[in-house]
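Here are my notes on this model, point by point. Please keep the coordinates open while reading.

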2 protein chains.
Amino acid sequence: MRVAIDAMGGDNAPGVEVEGAVNAAREFGIPVTLVGDEDRIRAELAHYDSTGLDIQIKHASEVVGMHDSPSDAIRKKKDSSIRVAFELVKSGDAEAVVSAGNSGATMAAGMFVLKRIKGIERPAIAQIFPTLKGKTLVLDVGGNVDCKPVHLVHFAIMGSVYARSIMGIETPRIGLLSNGEEESKGNELTRETNAFLKDAPISYAGYIEGRDIFAGAVDVVVCDGFVGNVVLKLSEGLSEAVGKMLKEEILKSFLPKIGFLLARPAFQRFMKKVDYAEYGGAPLLGIDGVGMICHGGSNTKAIKNAIKFAHEYAQRGVNQKMAEKLQENFARSTQPEGLNKETAIS
Amino acid sequence: MRVAIDAMGGDNAPGVEVEGAVNAAREFGIPVTLVGDEDRIRAELAHYDSTGLDIQIKHASEVVGMHDSPSDAIRKKKDSSIRVAFELVKSGDAEAVVSAGNSGATMAAGMFVLKRIKGIERPAIAQIFPTLKGKTLVLDVGGNVDCKPVHLVHFAIMGSVYARSIMGIETPRIGLLSNGEEESKGNELTRETNAFLKDAPISYAGYIEGRDIFAGAVDVVVCDGFVGNVVLKLSEGLSEAVGKMLKEEILKSFLPKIGFLLARPAFQRFMKKVDYAEYGGAPLLGIDGVGMICHGGSNTKAIKNAIKFAHEYAQRGVNQKMAEKLQENFARSTQPEGLNKETAIS
């Protein structure tokens, strides 16, 4: 099955999208469909030797910009590249969508065209973070800024299934992000969620703090999309700032500069470890299909890896397993009544 | 005037508190009163030559532990070191309190004993962060986990006055932490607050993102205490993790190890720049008096610097200026009616 790439979405579209798709087709043998302005895509494709690669183009006349609102993107731009890409999944012509465009619009288009997994009220965007022990999945990192406890419970279940199916963790430990580890901590949202998660069919580790994310204390960190987005962007910003501050100090004197040159291989291995491009995109969990959201400034490698992860996600039947786990959650007699009711409405 | 130090609060109490107080008295000539178990404080003091220094001891028989609830600390432990320290301010025997103990209990005791600045509903804990451009004040970092817009407006005003009076920034730029810079972003809380802040008597820069904090985009970052606490602990954790990961990579081979040795002076200057101990404690803004909250694991230097900042805070009449700025806010005809009413109740 093919992976559809929104060729018009990112800051450097369609250049990096086309090159990333060519590389994914070549290195992993994944068939790809580039969706967007056919002329511009053809012009980009002409730069590469794609002989023998299974690369198709699907024309779409419109583009959703970074400043368009998600709902406008669906209502006003019906022939946008992101929407047409999801239509390919709906019609069975593709198994997954990869986009570096407007993430809100990608989520809205995915929900609108493919609908949600049964029982899920709100999809979430999940992001893999490098930690001292390996990798940790954080969700939601920006899909839903105002959440109810039931949404966070669903995020926890979806994250657990994803960590097991895609990250290969047998029994993923799930933590709820809070302002302290003690049960007395938390805000209204986390306190209610904490009670529900104890009864959910997951390995729940309770509250964790901000510092625990990079220590790798748990495999999956659950939070609302407002907090998760702050966590994501703060982490990117702080990593950059630490690198810049160190470099600045090193450039101030001659001897450290030599030291830096000698230490460079270690710095480079470190940078590779914290490079988000290595992890490809952030999966959009909860839609009845596969969508992978990439950073707007994604490079070719990030697009290539996102295509690979999207393909794996689709092949491993992750959504089916999520639906089953949700059913198990509803069936638990200990699960609070209110939670079942609320979920049943959706 | 004297600074009262809760000698029993921190993880390493009363050792670091006593040494920090001795050093503050010696280096800055600030008179100090150590509050807590008199015998233990005397035993610690015996390790130092305090000849000629103005150091007093005020006995308090109880200690509020890290796991005590803030309200218990006030109701049950009436002779606790933190409460007795604030009583010294109330009676005019001290100008400020410094504590590395339970921050929730410190805030509760401060509010209970000294009350709030007129017009302030909720005090906030403010923390200085090192950035690429200098320093940024973030508040609230843990005082109030569930906030209303009016609380964030007061945080913005208090932060603005603090940045001007203590950090020496003529016209501090205030940013509201959100999940994106566009007005369409934010959650319910930030959207309402954003509208109010446009009319407040501050230099408001609008929404900022997580990455902007360390870039130093603004001088003061406003958020609720849940988000702020995640930001604070994530930053500490990530800085530690980055350091450890780099060291790990460097230790893997021989050549980089030499490089690291040569680059060490730069690393040390960098570590000094991001060392929280340099900035002393986090001021408790909004109480009618001065309280400085230190990290539980504070070292001697952190305590010493917190005493210095507490003294400056008290000397510069910051609280009086905050009260005036709040009055200016209420008086603005453009300020939404609901905000005035809500504030007037408190």
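Among contacts in chain A between residues at least 6 apart in sequence, what percentage join residues at least 24 apart?

1. The figure is 72% for chain A. It counts pairs at least 24 apart, taken from contacts between residues at least 6 apart in sequence. Bear in mind that this is a predicted model.

2. Secondary structure next. Chain A contains 13 helices and 11 strands. The C-alpha trace of chain A spans about 60 × 60 × 35 Å along its principal axes.

3. Now burial and surface. Of the 346 residues in chain A, 58% are buried, with under 20% relative accessible area as the cut-off. The accessible surface of chain A is about 13,500 Å². Carbon and sulfur atoms account for 50% of that surface.

4. On charge, chain A carries 41 positive and 44 negative side chains. The centres of these two sets lie 2 Å apart.

5. Then the symmetry. Chain B superposes on chain A by a rotation of 180 degrees, with 0.0 Å of shift along the axis and an RMSD of 0.0 Å. That is the relation of a two-fold axis. In chain B, G259(B) has the C-alpha nearest the axis, at 1.9 Å.

Technical notes: Residues are numbered from 1 along each chain as its sequence is written. Chains are lettered from A and ligands numbered from 1 in the order in which they are written. This is a predicted model: local features need pLDDT of at least 70, side-chain atom pairs count only at pLDDT 80 or more; totals for chains, interfaces and linings use all residues. Side-chain values use heavy atoms; hydrogens and water are left out. Copies are superposed by least squares on the C-alpha atoms of residues with pLDDT of at least 70 in both. Helices (H or I, at least four residues) and strands (E, at least two) are DSSP runs, numbered from the N terminus. Buried means under 20% relative accessible area, exposed over 50%, partly exposed in between (1.4 Å probe, protein chains only). Contact means heavy atoms within 4.5 Å. Accessible areas come from the Shrake-Rupley method with a 1.4 Å probe; for residues, only the protein chains shown count as cover. Lys and Arg count as positive and Asp and Glu as negative; His and the chain ends are not counted. The place of a charge is taken as NZ of Lys, CZ of Arg, CG of Asp or CD of Glu.
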